[in-house]
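Dear colleague,

Here is the structure that I promised to hand over to you. Please open it beside this message, and then read on for what was found in it.

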Amino acid sequence: MPQVPIAELKNHIGRDLGHSPWLDIDQPRVDQFADCTGDHQFIHVDPQRAAQTPFGGTIAHGFLSLSLIPMLMDDLLVIPEGTRMGVNYGLDSLRFIQPVRVGSRVRLAVTLLDAHEKNPGQWLLKARVVMEIEGVDKPAYIAETLALCIL
């Protein structure tokens with residue numbers, strides 16, 4: 001993650017921080033997520049049965065697409081200079097809007113919404129993240145993420 005001097009952090013609030021590279025969502029990734037979480041609902045792991053649904057095939061778990069946030073925004077989110085570690089602090093909001101069909105490509109658009117010192121040496125960052133699906137008008141989701149940076 002790009003580090004910026006604390007005095008400059010506020011200059012990034014409200015700014016579009018860019019897009020991640022596109023990422024392929026393939027069936028092996030979905031199957032591995034199902035194995036890790038125990039969520040083997042057929043709409044995720046059974047292409048033949050899922051083809052008979054309105055989705056027309058398998059779709060990624062919503063929480064799979066959400067779990068990609070740290071990886072996809074790693075090169076985008078600006079953090080305070082001197083950060084020793086960052087931890088997931090949760091979400092302020094999340095709306096799943098469009099399913100991610102297996103075989104799709106997704107990317108993340110990131111905007112820094114807020115940055116403030118929560119405690120001495122701890123900065124709380126709020127970012128809007130939008131998971132875009134290549135060739136689809138509606139995003140997979142829009143979320144406001146929280147990250148705690150520890151200096």
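Which residues does Tyr141 touch, not counting residues up to four places away in sequence? With contact meaning heavy atoms within 4.5 Å, Tyr141 touches Ser65, Leu66, Ile69, Leu94, Arg95, Phe96, Ile97, Leu108, Val129, Val130 and Met131.

Before going further, please keep in mind that this is a predicted model, in which local features need pLDDT of at least 70 and side-chain atom pairs count only at pLDDT 80 or more, while totals for chains, interfaces and linings use all residues. Residues are numbered from 1 along each chain as its sequence is written, and side-chain values use heavy atoms, with hydrogens and water left out.

**The nonpolar core**

Tyr141 and Leu108 are the residues with the most contacts inside the largest nonpolar core, which has 35 residues. Such a core is a set of buried Ala, Val, Leu, Ile, Met, Phe, Trp, Tyr and Cys residues joined through side-chain atoms within 4.5 Å; buried means under 20% relative accessible area, exposed means over 50%, and partly exposed is in between (1.4 Å probe, protein chains only). At least two residues of this core come from each of α2 (27-37), α5 (62-67), α6 (69-72), β6, β7 and β8, and β7 gives the most, with 6 residues. These labels stand for DSSP runs numbered from the N terminus, helices being H or I with at least four residues and strands being E with at least two.

**The strands**

Strands β6 (residues 105-119) and β7 (residues 122-133) run antiparallel and are joined by 12 bridges, where two strands pair if DSSP finds at least two bridges between them. The two form a hairpin with 2 residues between them, and Gly121 in the turn has a positive phi of about 80°. On β7, Lys126 is the bridge partner of Asp114. Strand β7 is also joined to β8 (residues 141-150) by 10 bridges, and these two run antiparallel; here the bridge partner of Lys126 is Leu146.

**The salt bridges**

If a salt bridge is a side-chain nitrogen of Lys or Arg within 4 Å of a carboxyl oxygen of Asp or Glu, the count comes to 4. One of them joins Lys126 to Asp92, with the closest N and O atoms 2.8 Å apart; this pair links distant parts of the chain, since Lys126 is in β7 and Asp92 is in strand β5 (residues 85-96), 34 residues apart. Lys126 also forms a salt bridge with Glu144, where the closest N and O atoms are 3.6 Å apart. Because Glu144 lies in β8 and Lys126 in β7, the pair ties together parts that are 18 residues apart in sequence. Through shared partners, Asp92, Lys126 and Glu144 are joined into one network. Asp92 is partly exposed at 46% relative accessibility, and Lys126 is partly exposed too, at 22%.

**A serine in a loop**

Ser20 sits in the loop between β2 (16-19) and β3 (23-24). Is Ser20 buried or exposed? Ser20 is buried, because its relative accessible area is 6%, which is under the 20% limit. Leaving aside its neighbours within four places in sequence, Ser20 is in contact with Leu72, Leu76, Arg107 and Leu108. A polar atom of the Ser20 side chain lies 2.9 Å from the backbone nitrogen of Leu108.

With best wishes

Notes:
A polar contact is a pair of N or O atoms within 3.5 Å; within protein, one must be able to donate a hydrogen and the other to accept it, and residues adjacent in sequence count only if both atoms are side-chain atoms.
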